[in-house]
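Trainee: I would like to go through the terms used for this model and hear what each one rests on. Can we take them one at a time?

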Amino acid sequence: MVIFMFGIVLTLVLFIAMGFVRGEGMSWRVNKKQLLALVGVLVIVFSCYVSIPAGHTGVVTTFGSVENYTLEAGMHFKLPWQEVIKMDNRVQKSTQDMSCFSSDIQEVSMTYTVNYQISKQDAMTIYKTIGIGYYDTVIAPCITESVKIVTAQYTAEDLVSSRSLMASQIEEVLSKKLAAYNIELVGASIENMDFTDAFTDAVEAKQVAEQNKLRAETEAQQRVLEANAAAEIKRIEAEADAYELTTRAEAEAEANRKIAESLTEALIAYTYAENWNGELPTFMTGDGATLPMFDMSALLNGTADNGTTAAQPAE
């Protein structure tokens, strides 16, 4: 639009200088004034063309009124009194630092990054309703509000342990807010989250205490396991000893049973005779009475039981 107005002014000045406005005659001989006039006309012609770069959408306005169509990337013809606003519809990135408070009134410093985009179809609506400063007007406030709303639902300690869940909830809330303004949230992430030194020291102390407690519990459990293992070993050894004794007794009983079954009167007599030392008993008992018996072995040796010498046979 500025180029168009400049071309019109330049052309009028040249025409006045050449005498068109005064009605004076003009020679057809080309001179500097005519050349300048030609340049002015070319400027006006070229001002009727506009170039839209890749990744942008052209929003056409006529005397400030937004037209109901947009221009794609490339060269386009427009009327001299129309203006084209180039809207960036590529994915854009923004990082915002802010201070929030948790549900237990702990201050949290956060760095939040978003990737957003406007579609070609919505470029005209966004320009008409918001303008080209849609980030400062809409996106930045929505980011701040969404982050603070979700952060206030967590305690400071939960913010540390539930960071992924909190990031997902912030993204969900922010996506709905931006969609109401025809802006698409491509992605978001928490780049950094920092707490006060006092809270950080308290968290570290608590973690150390929990680690010590866990270590003590682990050591106690280890001792219990070792004691149980030792008791189990003793039980197994006792069972093994008992099994050995039982097996030995059963074997001996079985052997005795087999021996008893194999004994006969003849075998007993034979075994007795085989192991007899040749001496006869001197006493015999029966019915509770004890009766003396002759010492047959003494007789066999030539000596009587009363100390007399037995008769010797004649030679």
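Mentor: Start with the salt bridge: a side-chain nitrogen of Lys or Arg within 4 Å of a carboxyl oxygen of Asp or Glu. Keep in mind that this is a predicted model.

Trainee: Why is the meeting of arginine 235 and glutamate 232 called a salt bridge?

Mentor: The N to O distance between their side chains is 2.3 Å. The limit is 4 Å, so the pair qualifies as a salt bridge.

Trainee: Where do arginine 235 and glutamate 232 lie?

Mentor: Both are in helix α7, residues 197–262, and they are 3 residues apart, about one turn of the helix.

Trainee: What makes arginine 235 and glutamate 232 partly exposed?

Mentor: Arginine 235 has a relative accessible area of 38%, and glutamate 232 is at 34%. Buried needs under 20% and exposed needs over 50%, so arginine 235 at 38% falls in between, and so does glutamate 232 at 34%. Glu232 and Arg235 also belong to one network with Glu239, joined by salt bridges that share partners.

Trainee: How many salt bridges does the rule give?

Mentor: The count comes to 6 salt bridges. Another of them joins glutamate 72 and lysine 120, with the closest N and O atoms 3.3 Å apart.

Trainee: What makes that a link between distant parts of the chain?

Mentor: Glutamate 72 sits in the loop between β3 and β4 (74–77), lysine 120 is in helix α3, and the two are 48 residues apart. As for accessibility, glutamate 72 has a relative accessible area of 38% and is partly exposed; lysine 120, at 40%, is partly exposed as well.

Trainee: Is aspartate 88 buried or exposed, and how do you know?

Mentor: Aspartate 88 has a relative accessible area of 16%. The cut-off for buried is under 20%, so aspartate 88 is buried. Aspartate 88 is found in strand β5.

Trainee: What does the side chain of aspartate 88 make a polar contact with?

Mentor: With the side chain of arginine 90, at 2.9 Å. The limit for a polar contact is 3.5 Å. Aspartate 88 and arginine 90 also form a salt bridge, their closest N and O atoms being 2.9 Å apart, and that is within 4 Å. Arginine 90 is partly exposed, at 44%.

Trainee: Which residues is aspartate 88 in contact with, leaving aside its neighbours within four places in sequence?

Mentor: Gly55, His56, Ile118 and Tyr134.

Trainee: Why is the sheet with the order β3-β2-β5 called open?

Mentor: In this antiparallel sheet of 3 strands, β3 and β5 stand at the edges with a single partner strand each, so one side of each has no neighbour in the sheet. Neighbouring strands are turned by 30 degrees against each other on average, direction ignored.

Trainee: How do you know that β2 and β5 are paired?

Mentor: They are joined by 7 bridges and run antiparallel. Pairing needs at least two bridges, so β2 and β5 count as paired.

Trainee: Which residues of α3 are buried, and why are they said to be on the same side?

Mentor: The buried residues of α3, residues 120–129, are Ala123, Met124 and Ile126. They cover an arc of only 165 degrees around the axis, which puts them on the same side of α3. Gln121 and Thr129 are exposed on the other side. The buried residues pack against β2, β3, β5 and α4 (134–151).

Trainee: What makes β7 and β8 a pair?

Mentor: Strand β7, residues 107–117, pairs with β8 in the antiparallel sense over 10 bridges, against a requirement of at least two. One of the bridges has asparagine 115 with glycine 187 of β8 as its partner. Helix α4 packs on the sheet and touches β6 and β7, its direction making about 40 degrees with that of β6. Helix α6, residues 163–179, lies across β7 and β8 and runs at about 140 degrees to β8.

Methods: Residues numbered from 1 in each chain as written. Predicted model: local features only at pLDDT ≥ 70, side-chain atom pairs only at ≥ 80, totals over all residues. Heavy atoms only, no water. Buried < 20%, exposed > 50% of the residue type's maximum accessible area, 1.4 Å probe, protein only. Helix = DSSP H or I, 4+ residues; strand = E, 2+ residues; numbered from the N terminus. Arc of directions from axis to C-beta. Contact = heavy atoms within 4.5 Å. Polar contact = N/O pair within 3.5 Å; in protein donor to acceptor, adjacent residues only side chain to side chain. Axes fitted to C-alpha atoms, helices over the stretch in contact; angles between N-to-C directions.
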